[in-house]
Amino acid sequence: MMTTVHIIGILLTVGLLLTVSVFSGRKVKDAKSFTTGGRSGSWMVCGAILGTLVGGQSTIGTAQLAFSFGISAWWFTIGAALGALVLALVYARPLRNSGCTTLLEIVSRQYGRRAETVGSILFLIGIFISIMSQVLSSSAMVTSLFRIPLTWSAVISAVLIMFFVLFGGIRSAGAGGIIKLLLLYVTSLAAGAMVLHLGHGFRGIMSSIEAIYADPVVADLNGITDAESIHRRYGNIVARGPLKDIGGCLSLMLGVITTQTYAQGIWSAATTRKARRGGVYCACLIPIIGAACVMVGMYMRGHYVTASELAALQAAGGSLPEGIGVLDSSLQAFPDFVLNHLPAWIGGIALGAMLVNIMGCASGLTLGAATILVRDVYSNLRALRHRRRAAKLGLDAIGALVPQSVRHPLMQTRLSIVGLLGLAVVVSLSFKGTFINDLGFLSLGLRAVALLFPLSFALFLPGRINPRRVVPAMITGTAVMLLAKFLSLPGDPIYYGLGLSALILLVGYQHCK
């Protein structure tokens, strides 16, 4: 239950982080500083990447997945860490030597403007899925804090995200990221220590999970048949199957490499050496937060049932065992642990840091998606149509024919933000029974399928891929990955998307000099 101390801790933490963001933003003097952060040191690079990479999926989503599948939920943060490591050690130097400031600019220079436009649209699909997962994460927090229905929590979350869009720029993300790093580590380590204390170590946590599943109704709802199946699920790093769990890790790793936000952290560094160090720091730090969230999710499984499990118990004539709590859903595992099992002052700081973190990630994703809509989709289509009309009247008529909304896209961006968040609320509510991390795997996997091979060939083997094959590879790879997801094909969807994309590109490899 939320107390006055929780509220004070939340307000103080949110105020601190927003103050740091605003103060850092005042140091931004030009567009280059805003988008790439100027000349950042290693810890600023780490903060910039960590501030957007460790969001609701890494914390609330990891605890949710661990609630149902134990230590295999760790793959999300392991994949994120590996992605930061590869980005730093393999891609940092060629990215910085490219002379570009966006990943799609690199693709455009090598394969043409059409590849850039198609890549932007495909990226938009992946980003929108991430926005949905952040809305679900923030909704879980709002539900835990105020005990209101999930629908209203999602609406409130969308409004808060719109507010956070006002605070932007990689510079403030870096400074705020460092503060969030410290706060998340203090609270994560506190949560991990509290779990081990309350649960009497890992063995004690497993014993409590066995006790929960001793009730046949709860066991049947979760597909548990005996004690051995509990250990196969909760103590197995590939509990959902090696192909699925490792595929999810691959999606995270490759998705981090091909996401503009994380590349901007590399570009923001003063030197390549500092960029690499920042990425390595990030890779070392992320799994620790993931491990703490896994432990929280497993502890909550041993001491809580969900509302649907309680309803099934009551329908079968059973009752809730003494000392067992109730969660609205597994989404509430992490925020409810913070509220109910951490000291109030630590819990308030943790909730405030998580709230800013989730909202910051969601606002950055939303602003990026809105920018793609306006700059790469709406404006390009409208400009093309007006150029065709102007061709009939003479070149001097082009300026008069292009509408004010295209020349001054601020209003279009604002409307796009509202539209994207409204759509995200509606769609995310239809996915409320889905694991947040699965949405994260899909989102980053889609970005990897669209961009990994074109970007990598452009950086490391320029001129060796036929430009005419790039757009078909992007489109068909993405389509096949989505199809594999919806058809629930074996393994992870990224295998199908990457495989087809690579095949299309490599067929003509030897003929393109």
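Reader: Which residue just after α23 takes a positive phi?

Author: This is a predicted model. Look just past the end of helix α23.

Reader: How far apart are the end C-alpha atoms of α23, and what span should its 17 residues have?

Author: Helix α23 covers residues 470–486. At 1.5 Å a residue, its 17 residues should span 24 Å. That agrees with the distance between its end C-alpha atoms, which is 25 Å.

Reader: Which element gives the largest share of the lining of the second largest pocket?

Author: This pocket holds about 340 Å³ of space. Its lining has 16 residues, and Phe-431, Leu-442, Lys-485, Phe-486 and Ser-488 lie nearest the centre. Elements that give two or more residues are α7, α22 and α23. The largest share, 4 residues, comes from α23.

Reader: What is the volume of the largest cavity?

Author: The structure holds 4 cavities of 30 Å³ or more. The lining of the largest one includes Arg-240, Asp-438, Met-481 and Lys-485. Two or more lining residues come from each of α13 (242–257), α22 and α23. The volume of this largest cavity is about 80 Å³.

Reader: Is Asn-466 buried or exposed?

Author: Asn-466 sits in the loop between α22 and α23. Its side chain reaches the backbone nitrogen of Arg-468 at 3.0 Å. Buried means under 20% relative accessible area. Asn-466 has 18%, so it is buried.

Reader: Which residue's backbone oxygen does the side chain of Ser-268 reach?

Author: Ser-268 lies in the loop between α14 (260–267) and α15 (272–303). At 2% relative accessibility, Ser-268 counts as buried. Its side chain reaches a backbone oxygen at 2.7 Å. That oxygen belongs to Gly-265.

Reader: How far apart in space are Gly-323 and Tyr-304?

Author: In sequence, Gly-323 and Tyr-304 are 19 residues apart. The distance in space is taken from C-alpha to C-alpha. It is 8.7 Å.

Reader: How many helices and strands does the protein have?

Author: The protein has 513 residues, and 57% of them count as buried. Its secondary structure contains both helices and strands. The count is 24 helices and 2 strands.

Reader: Among contacts between residues at least 6 apart in sequence, what share joins residues at least 24 apart?

Author: Take the contacts in the protein between residues at least 6 apart in sequence. Then keep those that join residues at least 24 apart. Their share is 83%.

Definitions and conventions: Residues numbered from 1 in each chain as written. Predicted model: local features only at pLDDT ≥ 70, side-chain atom pairs only at ≥ 80, totals over all residues. Heavy atoms only, no water. Expected span 1.5 Å × (residues − 1). Buried < 20%, exposed > 50% of the residue type's maximum accessible area, 1.4 Å probe, protein only. Polar contact = N/O pair within 3.5 Å; in protein donor to acceptor, adjacent residues only side chain to side chain. Contact = heavy atoms within 4.5 Å. 1 Å grid on protein atoms, 1.4 Å probe; cavity = no way out; pocket = protein on both sides within 12 Å on 5 of 7 lines; lining within 4 Å. Points joined across faces, edges and corners; volume = space filled by probe spheres on them.
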